[in-house]
Amino acid sequence: MLSIKNLHASVGGEEILKGINLEIKAGEVHAIMGPNGSGKSTLSQVLAGSETFEVTEGEITLNGENLLELATEERAREGVFLAFQYPVEIPGVSNMQFLRTAVNAMRLHRGEPEMNAAEFMKHAKEVSKQVDLDPAFLKRGVNEGFSGGEKKRNEILQALLLQPKLAILDETDSGLDIDALHVVSDGVNALRAEDRAILMVTHYQRLLNHIVPDYVHVLAGGRIVKSGGRELAHELEERGYGWLGVKDEEATASSAS
Amino acid sequence: MATTDKEVSELVKREYEHGFVTDIESDTFEPGLNEEIIARLSGIKNEPEWMLEWRLKAYRRWLEMDEPDWAHVGYPKIDYNSISYYSAPKRPEDMPQSLDEVDPELLRTYEKLGIPLHEREKLAGVAVDAVFDSVSVATTFKEPLAKAGVIFCSMSEAIQDYPELVKKYLGTVVPAGDNFFAGLNSAVFSDGTFVYIPKGVRCPMELSTYFRINAANTGQFERTLIIAEDSSYVSYLEGCTAPMRDENQLHAAVVELVALDDAQIKYSTVQNWYPGDENGKGGIFNFVTKRGAAIGKNSKISWTQVETGSAVTWKYPSCVLRGDNSVGEFYSVALTNNYQQADTGTKMIHLGKNTSSTIISKGISAGHSSNAYRGLVKFGPGSEGARNYTQCDSLLIGNRSAAHTFPYIESKNKSAIVEHEATTSKVSDEQMFLCRQRGIDPEQAVSMIVNGFCKEVFKELPMEFAVEAGKLLEVSLEGSVG
């Protein structure tokens, strides 16, 4: 489904991704782990089409389609979804209005009729229960005054509403207490499907106890230095990144948390 | 950032929707301003002697006045002798008695503007007084209003039919000597709207006027006077458009509101005059004096404005809170794009006891535009227990626009309480990325973000116009993704 070949990307002339190769098939869940500054978040942003980064070499295709030729919103309509690490606030725009605009943009792209406010409200209320969000918060401004946990649940709610082909989850577990982690993990597990690929970017192994990946990759210095099955995550938890020749004191120290 | 700018410039490129010229015969004065022109203007309107005297007095006063230069705007010097001070669509001997008699070409103009009079009449329950260039063309809904005792007519008619009311109030809120543009308007105003709500009457419908400048090289100088007697209520809305022309055109209006004891006037404006092209050529100079006198105790005057048009805007809808416990409100959205300049805000003059005022101003600057909020909150010696709350928010789109805030506070009473909050923010790349990542078009995203920013003001607009205002923002913003 997703194929990344020799991907190089830089920001302000500094190369962050230095030749990433990755294949993800439909139905698979891949986890990308790695120390801070290894390029994990950059990879998620580049896949989603962030214009902060410049792709200098390589290719990205989704079901054979060249994503690099598509603008951010076009990629989204082709089914690329990014759950943000730090979801931004949009004051005064209700979550409901924002979500309906997004859902309708996708529907329009697929040639389906738009959902009216009443239809959408009903649908969104049901889905919000799945991530344990009070439907009242659909009326609040996008991420406006949301707690860290609410913001993350809101991201998963959006994924459930938009039903992407490729869901990229950027540090979805950061800042969550254990209860919220369960809710978010249940949401992500509900996303798992035959025709969907999931790419989880995480610093810690704990998320992978709840969402068990099919493959684990270690990203360091802008390259994937090690790939393996789910057991690799456990190995990282026990041994840290050091044995891979990767320096990351923080990850080693906190992997036990 | 670079992309943001690119998108900004793309979105900014949209064209002015109302920029058509209506091909109708019209009577237009040759350019120039002198006492003879004023006398001709007054004569054509068959005005009484006192009106002509009033105009001439204002004109002589105006000759001695200087054009103000303190606003944060720049524009080429205006030659007041190159402007024509009167233009009226040519019509048969008599004024049309009903809409059926109005020139169909004119009616089509209004339809293009999205205000089919017949439709409005039936569906919206809005009485529309449409001012085209200098004269009032058709006023709908006169009869049901008359039943309620409400007078809603053109200023020209009011001078003929209700001279005592006009004499009593005209120029009492904005005197001819108030400022340069008000002086000019007093001398040459050609028409406008007159509203009178008798004691204890709640006006049965929203009143509405659409202004449109059509003829080239003409100025539009309308004059509006609204009087709300004791315990009455009226909500009034004006909308404005003008065709695209390379030359600048002058619009210098005066609006006076008078609210007596326990009366309420709600005045809303959706201003979409031609803003000039993307290089700043052409457009309307909108130099307007609007002021409300809350004379009576417990009276209330509320201004709501959505300003998206005009090349240069100079406008400060104000409230003089004379009556004890009177209330003044100002809710404003001012959007500038391309090379537009706006210097707009309000004055809240607290004179009576326990008077209170609220100012909510939302300025949005895109393209190379400049947007300034200028506000004065003043407390007189007798304003015991008065208070003001001001909130001034600026939103920048792109990297070449500017926002300024000039708040002035003058207090001669120690018990006065003032709260002031101001913020400046940008439509951020992160917000745009979030929206686009969810499949939303950049244009739609900016429009949504800006609408969210303006929400507090839009909710003050009459329902049907709130929708219109939202759309207008969308249209004005096309080409300005942040």
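How many C-beta neighbours inside 10 Å does N325(B) have, and is N325(B) buried or partly exposed? With 19 C-beta neighbours inside 10 Å, N325(B) counts as partly exposed. The classes are set by C-beta atoms placed from the backbone: a residue is buried if 20 or more others lie within 10 Å of its own, exposed if 12 or fewer, and partly exposed in between.

The model is predicted; local features need pLDDT of at least 70, side-chain atom pairs count only at pLDDT 80 or more, and totals for chains, interfaces and linings use all residues. Residues are numbered from 1 along each chain as its sequence is written, and chains are lettered from A and ligands numbered from 1 in the order in which they are written.

Chain A contains an open sheet of 4 strands in the order β2-β1-β4-β5, with antiparallel pairing. Its edge strands are β2 (14-24) and β5 (65-66), each of which pairs on one side only. Strands are DSSP runs of E with at least two residues, helices are runs of H or I with at least four, and both are numbered from the N terminus. Two strands pair if DSSP finds at least two bridges between them. Strands of a sheet pair through backbone hydrogen bonds, either parallel or antiparallel.

Strand β1 (residues 2-11) of chain A pairs with β2(A) over 8 bridges, in the antiparallel sense. Within this pairing, I4(A) has L22(A) in β2(A) as its bridge partner. Helix α1 (residues 40-48) of chain A packs on the sheet and touches β1, β2 and β4 (54-62) of chain A. The direction of α1 makes about 70° with that of β2(A). Such angles run from 0 to 180 degrees between N-to-C directions; axes are lines fitted to C-alpha atoms, for helices over the stretch in contact. Two residues are in contact if their C-beta atoms, placed from the backbone, lie within 7 Å.

The hairpin of β1(A) and β2(A) has 2 residues between the strands. There, G12(A) takes a positive phi near 55°. β1(A) is also joined to β4(A), by 7 bridges, and these strands run antiparallel. H8(A) stands opposite E57(A) in β4(A).

Two further helices of chain A pack together. Helix α4 (residues 117-130) and helix α5 (residues 148-162) of chain A meet at an angle of about 130°, with their axes 9 Å apart. α4(A) and α5(A) are therefore oblique to each other. Angles under 35 degrees count as roughly parallel, over 145 as roughly antiparallel, 65 to 115 as roughly perpendicular and the rest as oblique. The crossing of α4(A) past α5(A) is right-handed. The contact is made by A124(A), V127(A), S128(A) and Q130(A) of α4(A) with L157(A), L160(A) and L161(A) of α5(A). These residues divide into 5 nonpolar, 2 polar and no charged. Ala, Val, Leu, Ile, Met, Phe, Trp, Tyr, Cys and Pro count as nonpolar, Asp, Glu, Lys and Arg as charged, and the others, Gly among them, as polar.

The loop between α4 and β8 (141-142) of chain A holds D132(A). D132(A) has a positive phi of about 60° although it is not a glycine. D132(A) is partly exposed, with 17 other C-beta atoms within 10 Å. In chain B, N325(B) lies in the loop between β16 (318-321) and β17 (327-336). Phi of N325(B) is near 60°, a positive value in a residue other than glycine. Most residues other than glycine have a negative phi.

The secondary structure of chain B comes to 12 helices and 23 strands. Of its 482 residues, 58% count as buried. Among contacts in chain B between residues at least 6 apart in sequence, 84% join residues at least 24 apart. Helix α9 (residues 180-188) of chain B is mostly covered, with 8 of its 9 residues buried. The buried residues of α9(B) pack against α2 (35-44), α3 (49-63), β8 (222-228), β11 (254-259) and β13 (283-294) of chain B.

The contact between the chains takes 22 residues from chain A and 18 residues from chain B. On the side of chain A that touches chain B, α2 (72-77), β7 (90-94) and α3 (95-109) of chain A each give two or more residues. α3(A) gives the most, with 5 residues. By class, this side of chain A has 12 nonpolar, 7 polar and 3 charged residues.

How values were computed: Left-handed = near helix turned anticlockwise from the far one by under 90°.
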